[in-house]
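Hi,

Here is the structure I said I would pass on to you. Have a look at it first, then read my notes below.

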Amino acid sequence: MSISPSVGQKVMPYSRPSASRPEPEPEIIEPESAFPQDFAASLQDLSTQRATIGCIIPAYNEEESIADVLRGLLEQSRVPDVIHLVVNNSNDKTVAIASEFAGPHEITTELGEQFTEVFVHDIGKNPDKKVGALNYGFALVEGYDFLLGVDGDTVADRRAVEFLETEITSDTRIGGISAIYSIDDNPFKGFARFLITGQRSQFAAFNLHNLLRGRNMAVLGGQFSIFSTKALRDVMRENHQSTPWVKDSEVEDSLLSLQIKSAGYLTKISPYARADVGGMTTLRGLDAQQVKWNYGAIELMWPGQRGDTKGQPFHPNLRVRWLEQFSMLVNLFVRVGFVTLLAGSLSINAFIFSPLWLIPIAMSVALNLRMALSMKNKDRHDVLFAGLIVPAELYMWIRIAHFLRSWTRFLSRKKVDNWAMQAKAERGAGIGHWTPLFLAIGIVAAIVVAWHLIPIELQSGILAVGWPVLGVITVIQTLSMFMRLLRRQHGFKV
């Protein structure tokens, strides 16, 4: 195990000669100089060497997954040239387990003989948490051509690094490429499996949307992405930052993706590289994660929210975010409106069933089924989740709760450490995820009381206006689903 110096101290990683920064071709010095002849020759042949990849893994209490993560990296067809595991704020056995992998490894794959070395760094308490670990790792690998960022619970397919390297070395315009993310649902059962299946569907929809928009990735997720270190240095220079990742954003990967795009680089998603990430198996953990993500996205979209992280509402990478927020707003309005108007109509015996209301339901099921069938590693749970209506609808209500919690927290302007709240939730503490349910019960009770206090003429008037308005919005939403159903997927599998 290698225990590194204090945070912020720059440490140059182990590397072969090819790991140096891209610089102009050095002048070959005569043998009588201080440089040995063989070293000068190696510099001359630098252009024939393969690119170098330094991998960093920020880890916080990952004792259950870190062995699989490291084993997965060492079994890649293209092994990273160095792997730095940066453990921060942990109090479990992550360091002890990872130390079993520390040291040099000589590996032979179909691409030939390869060498890598694994270093384990326990940096102890770090107030910047994951961001601090990422920047610590960057200081160790910034001399490499590319930085591979891997989360401490992400296991990639065997050729993932090879696919990412092949594409990013083929086009100097690319600043970063993300793998396609999913979640391995085999270890889970019961309600945990339901939540994992919902997250698999959510990942699939996000991945497919980015693939279909020219493979332009809105977010280079930290789960498994490769970055050009030159692009990262350009981001630092243009934004006057001393490190690539900054601590004043709830979504450090989204902000960095925006900055890479603004620096003139492309942010892409690979159609081939795949990785299974860690999923949330409890409502509490899922709520904390989703609220943090949504809250951070809103901050990036909303102008002037922070002096150090300006809102960029018209940034190209935020179009997907705006679409997500608008879609959730429509889903909220349609569902709440339908339930409210239905209850009101039944209370005065004014409801008349129309088969037309089945059309949007059928369209939604068809769209969900198509999404499930587009998943590369789909199973019967994914298909049943999409086709049985109830599971997908229940998960949509859960997502609506996250949407409301995010906007409520944001508009309250109350400063909250969402990283700490997620860590607390993953430890099984906190009851904030039940807040939307309690509020819904209170609001329903208030509406019921108010409804019975107004005269029936006014009730009829509300229903007479409410149903047509809801109908128009539902028709527009149904047409949107129909257009998405007809959209060609060009053979992409998520």
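This is a predicted model: local features need pLDDT of at least 70, side-chain atom pairs count only at pLDDT 80 or more; totals for chains, interfaces and linings use all residues.

**What I found**

Leaving out residues up to four places away in sequence, L148 touches I53, G54, C55, I56, L73, P80, V161, L164, F224, S225 and I226. L148 also belongs to the largest nonpolar core, which has 41 residues. Along with I57, L73 and F224, L148 is among those with the most contacts inside that core. Helix 2 (residues 66–74) gives the most to this core, six residues in total. Another core lies apart from it, with 38 residues, including V86, Y136, F206 and V219. As background, nonpolar side chains tend to be buried together in soluble globular proteins.

Next, find helix 10 (residues 319–347) and helix 13 (residues 390–411), which pack at an angle of about 115 degrees with their axes 10 Å apart. Their crossing is left-handed. On the helix 10 side, the contact includes M328, L329 and R335, and on the helix 13 side it includes W397, F403 and W407. Sorted by class, this contact has ten nonpolar, two polar and three charged residues.

And where is the confidence lowest, and where highest? Helix 1 (residues 37–44) is lowest, at a mean of 45, while strand 5 (residues 146–150) is highest, at 98. For the protein, the mean pLDDT is 86, and 85% of the residues reach 70 or more. Over residues 1–36 the pLDDT is below 50, and this stretch has 64 contacts in the model beyond near neighbours in sequence. Residues 39–48 also stay under 50, with eight contacts beyond four places in sequence.

Cheers

Technical notes. Residues are numbered from 1 along each chain as its sequence is written. Side-chain values use heavy atoms; hydrogens and water are left out. A nonpolar core is a set of buried Ala, Val, Leu, Ile, Met, Phe, Trp, Tyr and Cys residues joined through side-chain atoms within 4.5 Å. Buried means under 20% relative accessible area, exposed over 50%, partly exposed in between (1.4 Å probe, protein chains only). Helices (H or I, at least four residues) and strands (E, at least two) are DSSP runs, numbered from the N terminus. Contact means heavy atoms within 4.5 Å. Axes are lines fitted to C-alpha atoms, for helices over the stretch in contact, and angles run from 0 to 180 degrees between N-to-C directions. A crossing is left-handed if the near helix is turned anticlockwise from the far one by less than a right angle, and right-handed if clockwise. Ala, Val, Leu, Ile, Met, Phe, Trp, Tyr, Cys and Pro count as nonpolar, Asp, Glu, Lys and Arg as charged, and the others, Gly among them, as polar. pLDDT is the predictor's confidence in each residue, from 0 to 100.
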